[in-house]
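This report describes how the parts of one protein chain pack together. Please examine the sequence and the structure before reading on.

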Amino acid sequence: MLRRWKRIRRRILRDDIVVFLGPTLSASEARKYLDAIYLPPVGCADVVRAVADHAPSVIVLIDGVFAQRPAVRHQEILWAMARGVRIYGAASIGALRAAELAPQGMIGHGLIYRWYRRHPLADDADVTVPMAPAELGSRALGDALIDMRLSLRKAECAGVIERRLRHELEALARSLHFSERSFTRLLQAAENNSGAAERLAALQAWLKAGAVNQKRSDAVNLLTHLADHKINSRGESNSFEFELTESFANDMHYCKMLETLLPKCK
């Protein structure tokens with residue numbers, strides 16, 4: 001009698017990959033796609049610190065801080081890339097930085113990255129959401145404008161709302177401060193449109209299963225891509241030479257990471 005063996009894909013811990021993640025996707029869920037080193041949303045000096053602490057081949061930027069402390073600096077990403085670390089970005093601040101630093105070799109992934117590459121003057125706040133502190137899991141406390149816009153367009157295509165109402169809701173969503181943006185808040189703000197009450201009620205019901213979460217999709221796709229591709233060691237150093245600027249040195253000094261940037265004396 002022949003036995004049928006079920007092929008099981010074994011997860012391998014990639015301790016050479018560091019991922020900065022927060023409200024877009026929880027670390028526990030992300031490990032289903034890529035078992036790597038997961039750190040809270042990236043901020044100023046965190047890329048330098050990750051290189052010093054983990055010596056990774058790859059650093060993935062997905063989520064980052066934006067109000068609690070300074071955001072991740074372009075210079076520290078360039079510093080890491082000049083040392084042969086591959087830097088990927090997607091979904092949120094990762095997509096933003098990848099779009100800005102693509103000419104220097106940062107690797108972007110996903111629809112949101114491509115959108116920022118196509119529209120370099122697009123607002124950073126389109127992907128920003130308020131989030132809980134890292135101690136509480138950095139979970140999202142609202143919805144990103146880009147996900148709200150994609151959801152509204154999908155609802156229009158599904159016949160739930162008409163184009164005029166979609167445009168009105170998009171404008172209303174953009175008028176909300178990013179710290180207050182959510183579908184709940186949007187529908188509350190739209191209640192004055194009495195002529196669309198029935199459509200708004202239908203939209204609210206439809207959103208429970210139909211809402212788009214493009215940030216999550218882009219993050220999952222990038223993690224899956226990295227899990228399916230072998231990255232054995234650090235890549236070759238980029239062709240550009242990194243120059244330590246005074247402002248960047250001051251930032252790293254403030255974060256107590258300046259010594260990491262300086263060449264070691266023999």
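## Helices H2 and H3

In this predicted model, helix H2 (residues 46-54) and helix H3 (residues 74-82) have axes that come within 8 Å and cross at roughly 30°. Angles under 35 degrees count as roughly parallel, and H2 and H3 are therefore roughly parallel to each other.

On the H2 side, the residues that take part are Asp46, Val47, Val48 and Val51, and they meet Glu76, Trp79 and Ala80 of H3. Sorted by class, this contact of H2 with H3 has five nonpolar and two charged residues, with no polar ones.

## Helices H6 and H7

Two packed helices are described by the angle between their axes and the distance between the axes. For H6 and H7, the angle is about 170° and the axes are 10 Å apart. Angles over 145 degrees count as roughly antiparallel, so H6 is roughly antiparallel to H7.

H6 contributes Leu145, Met148, Arg149, Leu152, Arg153 and Glu156 to the contact, while H7 contributes Arg163, Arg166, Leu169, Glu170, Ala173 and Arg174. The residues of the contact of H6 with H7 divide into seven charged, five nonpolar and no polar.

## Helix H9 and its surroundings

Helix H9 (residues 197-210) consists of 14 residues. From its first C-alpha to its last, H9 reaches 19 Å, which is close to the 20 Å expected at 1.5 Å a residue.

Which residues of H9 are buried? They are Leu200, Leu203, Trp206, Leu207 and Gly210. The cover over the buried residues of H9 includes helix H6 (145-157), helix H7 (163-175) and helix H8 (183-189).

## Cysteines

How many disulfides does the count come to? The count is zero. A disulfide is a covalent bond between the sulfur atoms of two cysteines. The cut-off used here is that the two sulfur atoms lie within 2.5 Å.

Cysteine 255 is in no disulfide, and the nearest cysteine sulfur, that of cysteine 44, is 3.9 Å away. Cysteine 157 is exposed, with a relative accessible area of 74%.

## The chain as a whole

The chain contains 12 helices and five strands. Of its 266 residues, 47% are buried.

Contacts can also be sorted by separation along the sequence. Among contacts between residues at least 6 apart in sequence, 65% join residues at least 24 apart.

Notes:
Residues are numbered from 1 along each chain as its sequence is written. This is a predicted model: local features need pLDDT of at least 70, side-chain atom pairs count only at pLDDT 80 or more; totals for chains, interfaces and linings use all residues. Side-chain values use heavy atoms; hydrogens and water are left out. Axes are lines fitted to C-alpha atoms, for helices over the stretch in contact, and angles run from 0 to 180 degrees between N-to-C directions. Helices (H or I, at least four residues) and strands (E, at least two) are DSSP runs, numbered from the N terminus. Angles under 35 degrees count as roughly parallel, over 145 as roughly antiparallel, 65 to 115 as roughly perpendicular and the rest as oblique. Contact means heavy atoms within 4.5 Å. Ala, Val, Leu, Ile, Met, Phe, Trp, Tyr, Cys and Pro count as nonpolar, Asp, Glu, Lys and Arg as charged, and the others, Gly among them, as polar. Buried means under 20% relative accessible area, exposed over 50%, partly exposed in between (1.4 Å probe, protein chains only). The expected span of a helix is 1.5 Å times one less than its number of residues.
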